[in-house]
Amino acid sequence: MDPITALAAAELKRRLWRLTVRVLAVVMPVAVVGLLALGVFTSSLFAGDTASAGVQGVGCGGVDRPQAAPVGSLDADQLANAQTIVAVGRRLDVPIEGWVIAISTALQESGLRNLPYGDRDSIGMFQQRDAWGSRAERLDPVASTEMFFTGGRGGQRGLLDVPGYLQLPVTQAAQAVQISAFPDAYAKWEGLARQLAGAPSITAASCMSLVGSEADGEVVQVALTQLGVPYSWGGGTLDGPGPGFGSGSGVVGFDCSSFTRYVWFQAAGVTLPRVATDQAAAVAHVPLSEVRAGDLLFFHDLRDPAGVYHHVGLYDGRGHVIHAPTAGRRVEVSAIDLTADKPWGELVVAGRPSTAT
């Protein structure tokens, strides 16, 4: 190679190397952030599928509310929500001053009401945004109160994460969690919040450790062990996946009702009827606003005869259904919004099995 050609090649090589370095300087951070985001998404996905709703993890399967005596001009719903805040706070060992901060916050954000709307994507008592948790969680007074105290599902800071929150003025402690555009707005509610936190009928509220709450968690855990099992029409027994018949012949797996039947039997020794419609008739029905982990969700299409349900799944407590969907698919976890008029475009009824089922 002659000197001129060699010099030109060397200069080209040098320029290509500088260009490569510049490209890597731009691309590598983006790639790293993308990989980290994927990891966080994957972790939160699986964490969301295996955890229970509300504060069942700390033993709050529901709220025992005595008849609330009048406080100011608040109505029954507002008083019940104050009782929920106190009950969850007590279960989490939050001092009374923490109850006052939480109640003041809810009074400012929603008027102490569980609102299904708000500014942009904010909903619930504390007007928590999408990043805090699923819509079902933010509209669950127990779950949303737990998140206010302990933090959102996306890593948002809760009251218990605020250093020295008990020594801060109420409005500053509330603002440390809410990060509101009106940081001083909470102060005006402190007086009423202290009234509520000191009212015997409010402070007597407590979390219930329901007999079925531990079984409910076990139901979800057993259901999750069957993810990926094929759908098999007519397949499945109380002992596990089995061969189906008709269109499911030759496939070892579950159909929707044999799946729920297997899970409840394995988790709690409860024997449900074989088909979805009979299961719906055999269990106690509960309002969708009170559904909890392990409950059965029955689906009724308007084309179905009255009282007939063509599909059933298990609620995971966090805005998802664990179910065997249809032929050609496998046991999976699917998102569902139980606050919608017709989740999945169909009428949904919730049922709760028990040892008496």
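Trainee: Which helices each supply at least two residues of the lining of the second largest pocket?

Mentor: Keep in mind that this is a predicted model. To read a pocket, take its lining and ask which elements contribute to it. Here α3 and α6 each supply at least two lining residues, and α6 gives the most, with three.

Trainee: What is the volume of the second largest pocket, and which residues are closest to its centre?

Mentor: Its volume is about 520 Å³. The lining has 20 residues, of which E109, Q127, Q178, I179 and S180 lie closest to the centre.

Trainee: Is T105 buried or exposed?

Mentor: A residue is called buried when its relative accessible area is under 20%. T105, in helix α3 (residues 96-110), has a value of 0%, so T105 is buried. Leaving aside residues up to four places away in sequence, T105 touches F126, F148, A174, Q178 and Y186.

Trainee: How many residues of helix α5 are buried?

Mentor: For a helix, count its buried residues, then ask what covers them. Helix α5 spans residues 141-150, and nine of its ten residues are buried. Among them are F148 and F149. The cover over the buried residues of α5 includes β1 (63-64), α2 (76-91), α3, α4 (135-138) and α6 (170-178).

Technical notes:
Residues numbered from 1 in each chain as written. Predicted model: local features only at pLDDT ≥ 70, side-chain atom pairs only at ≥ 80, totals over all residues. Heavy atoms only, no water. Helix = DSSP H or I, 4+ residues; strand = E, 2+ residues; numbered from the N terminus. Buried < 20%, exposed > 50% of the residue type's maximum accessible area, 1.4 Å probe, protein only. Contact = heavy atoms within 4.5 Å. 1 Å grid on protein atoms, 1.4 Å probe; cavity = no way out; pocket = protein on both sides within 12 Å on 5 of 7 lines; lining within 4 Å. Points joined across faces, edges and corners; volume = space filled by probe spheres on them.
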